[in-house]
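Please have the model open while I talk.

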Amino acid sequence: MKDIQAHINGLRHDFSKMSLDEDTLNANPFKQFEIWFQAAIDSKVPEPNAMMLSTVNAKNCPSSRIVLLRNFSAKGFVFYSNYESQKAKDIELNNAVSILFFWPELERQIRIEGKIIKQTAAESDIYFNARPRNSRLGAWASPQSEKISNRKILDDLFQKVEKEFEGKEVTRPDWWGGYVLEPERIEFWQGRPNRLHDRICYSKTFNNNWEIARLAP
Ligand SMILES: Cc1cc2nc3c(=O)[nH]c(=O)nc-3n(C[C@H](O)[C@H](O)[C@H](O)COP(=O)(O)O)c2cc1C
């Protein structure tokens, strides 16, 4: 532990790769997200679509986990999950959530906040049917977020659904599907020297325009 503490004490990264300024920024935050996402792909960021999703439960306690961004457009940011999971229960009670991307290779962070709606069943079907068969079986097998007493239970559940669907198409369970985060605030953060980072925030106005502001780091 002492060694780890010494190591942590020595971790002092000075960000210096790029800058973010109002002159080159796109007025549309989705376009700006697309530009940065493309840069993350080009820079070979591992799993650039992995994002931290934070929700709040009935006791107002927040929790975070990684989910994968599967699509984005001006309608919002799409991910898929189990509609009976802990996160789903949180969203049911309070659909205000945040997602966060951190791409250290580019010294960039993107924070997105807004409200979640469910995708239509037809849209969820299209995505589910495009998944590999074993991933589809996994969705049927796992009671996501439930307590299970051992690993074997999970493997047995998988084998059971494998048998049930033998020779059949694996269709989407109705407790599994897409969520769309409709953003109200999107902040782009670019690391800069001396901790004087660039933060540019787009906030949705009452008439559905985007107001752009620079924030102190
Ligand atoms: C790289 C990575 C990708 C993940 N992608 C998803 C995903 O797209 N959907 C999902 O439900 N869980 C995904 N998970 C698992 C979640 O982090 C989490 O364990 C699970 O959704 C249960 O969370 P909950 O109990 O808070 O509902 C992923 C985990 C990792 C590490």
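Predicted model: local features only at pLDDT ≥ 70, side-chain atom pairs only at ≥ 80, totals over all residues.

Let me begin with the lining of the largest pocket, to which β2 (62-68), β4 (76-82) and α5 (133-141) each supply at least two residues, and to which β4 gives the most, with four residues. Helices (H or I, at least four residues) and strands (E, at least two) are DSSP runs here, numbered from the N terminus.

Residues are numbered from 1 along each chain as its sequence is written, and side-chain values use heavy atoms, with hydrogens and water left out.

Back to the pocket: about 320 Å³ of space lies in the largest one, and of the 17 residues that line it, Y80, S81, R131, Q144 and W176 are the closest to its centre. A pocket, on a 1 Å grid over the protein atoms alone, is an open set of points where a 1.4 Å probe fits, with protein on both sides within 12 Å along at least five of seven lines, and lining residues have an atom within 4 Å of a point. Grid points are joined across faces, edges and corners, and the volume is the space filled by probe spheres set on the points.

Which residues of α5 are buried? They are R136, L137, A139 and A141, where buried means under 20% relative accessible area, exposed means over 50%, and partly exposed lies in between, with a 1.4 Å probe and protein chains only. The cover over these buried residues of α5 includes α4 (121-130), α6 (151-164) and β7 (176-190), contact being defined as heavy atoms within 4.5 Å.

Turning to another helix, F33 sits in α2, and it counts as buried because its relative accessible area is 0%. Leaving aside neighbours within four places in sequence, F33 is in contact with L69, F72, F77, F101, I110, I112 and F188. The C-alpha atoms of F33 and A213, which are 180 residues apart along the chain, are separated by 16 Å.

Now to the loops. Most residues other than glycine have a negative phi, and with that in mind I would point out E47, which is not a glycine and yet has a positive phi of about 45°. E47 lies in the loop between α2 (29-42) and β1 (50-56), and it counts as exposed because its relative accessible area is 54%. N194, also not a glycine, has a positive phi of about 60°; N194 is found in the loop between β7 and β8, and its relative accessible area of 59% is why it counts as exposed.

N208 is placed in the loop between β8 (198-204) and β9 (210-214), and, at 55% relative accessibility, N208 counts as exposed. The C-alpha atoms of N208 and E184 are separated by 9.3 Å, although the two residues are 24 apart along the chain.

Finally, the chain as a whole: it has six helices and nine strands, and its C-alpha atoms fill a box of roughly 60 × 55 × 40 Å, taken along the principal axes. Of its 217 residues, 35% count as buried, and among contacts between residues at least 6 apart in sequence, 65% join residues at least 24 apart.
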